[in-house]
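Me: Please take me through this structure by question and answer. Keep it brisk.

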Number of protein chains: 2
Amino acid sequence: MLRFLLAAAMAVAPAAAQPFPAEAEEAAATLMARALEDETGYQVIEDLTTEVGPRLAGSEAEARARGWALARLRSMGFENVRVEAFSIPFWAREGEALRIVEPFPQALRITALGGTVGTGRRGVTGEVVRFESLGALMAAPMDGSLEGKVVFVDEGMTRTQDGSGYGVAVAKRSGAAQEGAKRGAIAALIRSVGTDQHRFPHTGMMRYEEDGEKIPTAALSWPDAEQLQRAMERGPVTVRLDLSVVTEKDAPSGNVIAEIPGRTDEVVLIGAHLDSWDLGTGAIDDASGVGITTGAAKLILDYVAETGEPPLRTIRLILFGSEEVGLLGGKAYAEAHADELGDHVAAAESDFGAGRVWQLETRFAEDAQEAGDRLARILAPLGVARGGNEAEGGPDLTAIAEAGVPVVTLKQNGWDYFDLHHTEDDTLDKVDPDDIAQNVAAYAAFAWLAANAEEGFRGGEATQGAQ
Amino acid sequence: MLRFLLAAAMAVAPAAAQPFPAEAEEAAATLMARALEDETGYQVIEDLTTEVGPRLAGSEAEARARGWALARLRSMGFENVRVEAFSIPFWAREGEALRIVEPFPQALRITALGGTVGTGRRGVTGEVVRFESLGALMAAPMDGSLEGKVVFVDEGMTRTQDGSGYGVAVAKRSGAAQEGAKRGAIAALIRSVGTDQHRFPHTGMMRYEEDGEKIPTAALSWPDAEQLQRAMERGPVTVRLDLSVVTEKDAPSGNVIAEIPGRTDEVVLIGAHLDSWDLGTGAIDDASGVGITTGAAKLILDYVAETGEPPLRTIRLILFGSEEVGLLGGKAYAEAHADELGDHVAAAESDFGAGRVWQLETRFAEDAQEAGDRLARILAPLGVARGGNEAEGGPDLTAIAEAGVPVVTLKQNGWDYFDLHHTEDDTLDKVDPDDIAQNVAAYAAFAWLAANAEEGFRGGEATQGAQ
């Protein structure tokens, strides 16, 4: 069906084919202008963070979030609104405390890292051994050199606009416990993976090696890491760590899906993740993405209703579940939809906070670069520049991007993102409605253009969904 | 003795008497220059906040702080280093939690206000009634209009350089519980008395009326107050408050005192408070004051050792205990030293954080204004301007100022002070060593000049300590 339509379209196309029909570009301009005046995106963020609040993967709160999203998306008028359920291993914090026992008794602020084992009721007490980086820990001898010790990886993180400091810093989140355990350590502490100087420890998922010893692990806030460091400058320091956690083998989660049906079987996917960590209300991570993509889809929905002209391809909005605990919603989607991924023309996930979009990255075939360039030119009035062609598309798109689906990253300014990321302080007041509107504009234009592009972005034959 | 010395001094004084001898002014200039290069003040702050940490009034930690201060002041070489003990009613938080029960279940971040009663194990559950200000609550009818309700005083605080927003905002800290109880409320919540937009609730002392009903009371962080407000915009909200507290009738506290002996019985007093709230390490409130005044006194001590010339009057450094729970150290000092307050020539307490001094306020007799003006002129190179003559001198000086002791306020820039005040986030990293050095310079110059002034600042006869 699509091939037929495309063939028909191409038959009447002008000599030097433009990637997007002129009417689609005009519609994109209209959508962008409307988006900048529209508050739906922000309102969705406010409602989700207020009416549900924190929504830990697999929890009763995440289930409430799905119910909230279903009701909201249905009332907005989307089609095929549904949950695609899956189950996950559940983990939740129950209690967490760290104290310097000797020589300067005092509490330090920590948070358990996602997936950590607990300490048992008696806690774990030991002398702290500090490493300036994960690399320094890895360079330490393996022969039980940390036997009975609490390892402390006190590595910082570089603040960057594009978030590139994260990839470097986050390795210690699993690495401290993994590498510490190999050397005999009984617990692992890290300086939070974050850039703020407030007393907010940052949580986030960690993993043990399959055959490795599992030692409890937690993150200190920046000021507490400095405090521990100062205490250690004065001599040996003993701490006691108490972590209590709850786990469950199979807990319910799911992806919430809504559609604007197109005239073909092809699909353009935009989305965000519905779950959040438990500490804050997940306003920037990732209610903002939910608001941005839902706001964009709603603008398109209204535009379609107004014109009576559906897009060429279906625009599918996905609110992924359980992103924070291992991109599980994205994986579940890729599995459930393995058969139709060839018809997925393009995908973009918004999961980098509430900052403005400043760059368009693509991962398109070489002979589809012109479409990327054109897209960037259309978004330029929003302050968006053309980026490279190595887009990741967003964490929940990892699996489908690996399966060959072309992805786009509408790259947001993440300068302040890691001040708030995975902390208690991730709350609505950090979100600027004007910045959200700019994001909505970019997503609406992208989704509409991709859904009406003359060809796909896979290059050659694959552009007609053959893959 | 002092009268004799002053009479002798005046006999040789030039016709138009300067308030301060030329040598004293020269010494003050030397002290200021040295202070700006000296790190003692900052080091004291670092050591106290690291080696003791939080030091709640009446706690074992406050006792450790006294021990720490005694050892430090003795090793620095001060004379008459001692503790003047007193006892206080002890209060400590043990547990604190607030949850929205209906319709949007989620935890909100609170902290118990100092002095509050607990809720009992079953907590207190009720519908929230919000008031925009304490005034609005006070305007509500008295006849049980809040029967069974949880009152919420959602009043903001104005950010100011001089901290004047605090006096207005702090009234709700006791007022919410007092006025709520009179109207039948079962618990009282306030938006924190603070200016930050982070998820740090601010604690601080509250008091019940003597014959009033005591209802539990706590403060929400700014983002949590907004969250509760948003939830209430959507309909009735029920919350559950759980507070558990520990109290003790008589707990040990004390003031730590150190001196640089003068040549007369007269005294110039500088100081700060040693205790802090339990949430942070009390870096700005008030380890900074401890560092500033100790650093200033130490510079003078070294100067005296170098010149072999003690000051005319004794310079007494006081590190007050139990300021946070009702200015108890200041009251104990005023009682214990009631007989010698007439010999107290001037006093200044540093208790407004770590910001730079920008103004000199005095509370001197009318005919001693010239001395205040001259003092300001001497401090001008530090960026200090002359303020008014209604100085409060600092919270622990309230009692002795009421008893007639002339006081000085070296007014600090408090623009950011209430972002951190009484929160977990009051930690060393918020303190700038250069700003501390500027404060040390101002205190050293003030203390030396006051200790060597030709006359006191009480005007007329009283200047000779007769009172």
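At 31% relative accessibility, Glu127(B) is partly exposed, a class between buried (under 20% relative accessible area) and exposed (over 50%), with a 1.4 Å probe and protein chains only. The model is predicted: local features need pLDDT of at least 70, side-chain atom pairs pLDDT 80 or more, while totals for chains, interfaces and linings use all residues. Residues are numbered from 1 along each chain as its sequence is written, chains are lettered from A and ligands numbered from 1 in the order written, and side-chain values use heavy atoms, without hydrogens and water.

Me: Which residue forms a salt bridge with Glu127(B)?

Reply: A salt bridge needs a side-chain nitrogen of Lys or Arg within 4 Å of a carboxyl oxygen of Asp or Glu. Here the closest N and O atoms are 3.4 Å apart. The partner of Glu127(B) is Lys149(B).

Me: Where do Lys149(B) and Glu127(B) lie, and how many residues apart are they?

Reply: Lys149(B) sits in the loop between helix H5 (134–138) and strand E5 (150–153) of chain B. Glu127(B) belongs to strand E4 (residues 124–131). Helices (H or I, at least four residues) and strands (E, at least two) are DSSP runs, numbered from the N terminus. The pair links distant parts of the chain, 22 residues apart.

Me: In which sense do E9(B) and E10(B) pair?

Reply: Two strands pair if DSSP finds at least two bridges between them. Strand E9 (residues 267–273) and E10(B) have seven bridges. Gly271(B) stands opposite Ile318(B) in E10(B). The sense is parallel.

Me: How many residues of strand E10 of chain B are buried?

Reply: The strand covers residues 314–320. Thr314(B), Arg316(B), Ile318(B) and Phe320(B) are buried on one side. Ile315(B), Leu317(B) and Leu319(B) are buried on the other. The count is seven of seven.
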